[in-house]
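Hi,

Here is the structure I promised to pass on. Have a look first, and then read my notes below.

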Amino acid sequence: MFIIFSIFIMFVARQLISSSSLSELRAFCYLIFAMTTTASRGKLSIFVILFAICGLGLVAFLYGETISSLSSYSVIKYRACRATKTSATSASIRVDDGQAKKAKAEFEGDDKLEFDPDICDISDGKWVFNSSNEPLYSDSTCPYLDRQVSCVKNGRPESDYLHWEWQPDECTLPRFNPKYALRKLRGRRLLFVGDSLQRGQWQSFVCLVQSVIPDDLKSMKRGRVHSVFRAKEYNATVEFYWAPFLIESNSDVHIIGDPKQRILKVDSIAKHAQHWLNVDILVFGTYVWWMSGFKIKSLWGSFANGEEGYEELEAPISYRLGLKTWANWVDSTVNPNRTRVFFTSMSPTHTRSADWNRKNGTKCFNETRPITKKGHWGSGSNKQMMNVVVDIVKKMQVPVTVINITQISEYRIDAHTSVYTETGGKLLNDEQKADPLHHADCIHWCLPGVPDSWNQIFLTFL
């Protein structure tokens, strides 16, 4: 009798498995379980065996389903993996057919759907040379570039640095789509705030999107502190506000060349922040101006009362005080339902060629290829300073997305302006170019160049 009943149970379970009816199989197992709980002690072992048979059937069902369904959806997400194009959905984007088609059209390719900035470690990857990868603009086609970063126009003889693209190991980074970016910005203000490196990211973004806008539908108003690019058709602006420390200093407008003479008012930000109101997307960044190598004169109180009350603090301490003031302003002023806030991590400098084992090199001068050593980290990126940003951001009430561009930029010793730049408003002359030790700029980046990849990452967060 037991054998006949067991065969019957297995037959029913097999039929349910073959029909792919998980709900019916589950109900059937619940029935068996109920029988085991009401059975007498003498019969309990029989029903335990039957329940085990049903359980094995359920496992078999799940095994078959797991191969197809868990590739498209995982309960536990560790990181994004390369999706197959035959999958109906992906772990990174779950949309219906109509949404999927729209997203594919916007990103111009199925593989563009694989990236999810929330679960993909963007810093884990490599730079890949692609000669067919042409920039969306050049320093001759974009009229908004500063001469400081126009390396080709300034005489850089080789152009390989333009054809490297960042490829994360575990996901695919979509190419920057100017029309998609402009649609995201329709009716909005995007404001970059910071130093000259943030200005470079702003110019990169402007040049990327302006390439698809007719001349009569775009305009630029440059100011010493605040500059505004306007895309008229989209009623959108892409703006830059000069605040190298974010907080106030005596070197904000009239720049003091000697870092030892600069004084930072670490508890004051209102003079700058009044220009950040009613903005839809804020992108902040500050780092290199804090890294003078000297202690930073940090002041509490008013400049109007004199500058004698400062204290000389180590850079990470002063940096923390300044960023706390910035964070307090964001938390007390920004409405997260209206405004998104980003923070661009530190842009590395490459002034010490020994960092990449070029003992006879001169800073970044004459470097033509990226570093290939995985995880390279040079002396131009201070992890203590980076940890300050992480510590402060995670305690903020208003969500802040950190655009981590540090590791990917660490490899690009080849992409700085080097001697193909200007100083004091004048291009380097031949004598200065012949002295890269004193004149090569290994802080700023050529445009087109690495900041385009920063904005490629930034756009995925939008």
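**Disulfides first**

C120 and C171 are joined by a disulfide, with 1.8 Å from S to S (a disulfide here is a pair of cysteine sulfur atoms within 2.5 Å). C120 sits in the loop between helix 4 (97–107) and strand 1 (125–129), and C171 in the loop between strand 2 (164–168) and helix 5 (178–184), so the link ties together parts that are 51 residues apart in sequence. Helices (H or I, at least four residues) and strands (E, at least two) are DSSP runs, numbered from the N terminus. The link of C120 and C171 is left-handed, with -55° about the S-S bond. Both C120 and C171 are buried; buried means under 20% relative accessible area, exposed over 50% and partly exposed in between, with a 1.4 Å probe and protein chains only.

Before going on, please keep in mind that this is a predicted model: local features need pLDDT of at least 70, side-chain atom pairs count only at pLDDT 80 or more, and totals for chains, interfaces and linings use all residues. Residues are numbered from 1 along each chain as its sequence is written, and side-chain values use heavy atoms, with hydrogens and water left out.

By the sulfur distance rule, the count comes to four disulfides. Another of them joins C142 to C207, at 2.0 Å from S to S. The link of C142 and C207 is left-handed, with -80° about the S-S bond. C142 lies in the loop between strand 1 and strand 2 and C207 in helix 6 (residues 196–210), so this pair ties together parts 65 residues apart in sequence. C142 is buried at a relative accessible area of 3%, and C207 is buried at 0%.

C364 and C442 also form a disulfide, their sulfur atoms 2.1 Å apart. The pair links distant parts of the chain, 78 residues apart: C364 is in the loop between strand 12 (340–344) and helix 9 (383–394), and C442 is in strand 17 (residues 441–445). The link of C364 and C442 is left-handed, with -90° about the S-S bond, and both C364 and C442 are buried.

**Helix 6**

Back to the helix that holds C207. Helix 6 has 15 residues and reaches 20 Å from its first C-alpha to its last, close to the 21 Å expected (the expected span is 1.5 Å times one less than the number of residues). Of its 15 residues, 14 are buried, so helix 6 is largely enclosed by the rest of the structure.

**Strands and a sheet**

Strand 1 and strand 2 pair in the antiparallel sense over five bridges; two strands pair if DSSP finds at least two bridges between them. V128 stands opposite E165 in strand 2.

Elsewhere, four strands form an open sheet with mixed pairing, in the order 7-8-10-11. Its edge strands, each pairing on one side only, are strand 7 (248–249) and strand 11 (311–313). Strand 7 pairs with strand 8 (residues 263–265) in the antiparallel sense over two bridges, and S249 stands opposite L264 in strand 8.

Happy browsing!
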